[in-house]
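Dear colleague,

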Amino acid sequence: QVQFVESGGGLVQPGGSLRLSCSASGSIFIIYAMGWYRQAPEKQRELVAAITSNDETNYADSVKGRFTISRDNAKNTVYLQMNSPKPEDTAVYYCNLIYYSYSRRRIDSWGKGTLVTVSS
């Protein structure tokens, strides 16, 4: 079982900046990837950005050039630097972890989410 600590959400003005962080702990043998998804009201959850253990990254087209994902492997922590956010970035942001347990099972796990509101 994995526990998450997500932080950094809140209110930010358009054009400002915000950094989300997510730390995972628990029975993790090895992490394959960590990432951030978001879900706006009445919309489906969508990928924002993800990063693998080899530092390969993947971004939604809507955030390319504005958001940057990074990770601290030693701390099992992933960050999302959000620069120049727009009102349409308003959503609940969820941390996602894909890892292998000590029994070598591949597990997809989610944080509880943190709300980001972009508004003046």
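The side chains of Lys64 and Asp61 form a salt bridge, with N and O 3.1 Å apart. Asp61 is exposed, its relative accessible area being 63%. Please note that this is a predicted model.

In total, 4 salt bridges are counted. Another of them joins Asp89 to Arg66, with an N to O distance of 2.8 Å. Asp89 sits in the loop between strand S8 (77–83) and strand S9 (91–100), and Arg66 in the loop between strand S6 (57–59) and strand S7 (67–72), so this pair ties together parts that are 23 residues apart in sequence. Both partners lie under the 20% cut-off for burial: Asp89 is buried because its relative accessibility is 1%, and Arg66 is buried at 12%.

A further salt bridge links Glu46 with Arg38, whose closest N and O atoms are 2.8 Å apart. Here Arg38 is buried, with a relative accessible area of 6%, whereas Glu46 is partly exposed at 37%. Arg38, Glu46, Arg66 and Asp89 are linked in a network of salt bridges. In general, side chains of opposite charge can pair when their charged atoms come close.

Separately, I would draw your attention to Ile30. This residue is in strand S4, which covers residues 30–39, and is partly exposed at 46% relative accessibility. Leaving aside residues up to four places away in sequence, Ile30 touches Tyr99 and Tyr100. The C-alpha atoms of Ile30 and Ser101 are 7.1 Å apart in space, although the two residues are 71 residues apart in sequence.

Yours sincerely

Note on methods: Residues are numbered from 1 along each chain as its sequence is written. This is a predicted model: local features need pLDDT of at least 70, side-chain atom pairs count only at pLDDT 80 or more; totals for chains, interfaces and linings use all residues. Side-chain values use heavy atoms; hydrogens and water are left out. Helices (H or I, at least four residues) and strands (E, at least two) are DSSP runs, numbered from the N terminus. Buried means under 20% relative accessible area, exposed over 50%, partly exposed in between (1.4 Å probe, protein chains only). Contact means heavy atoms within 4.5 Å.
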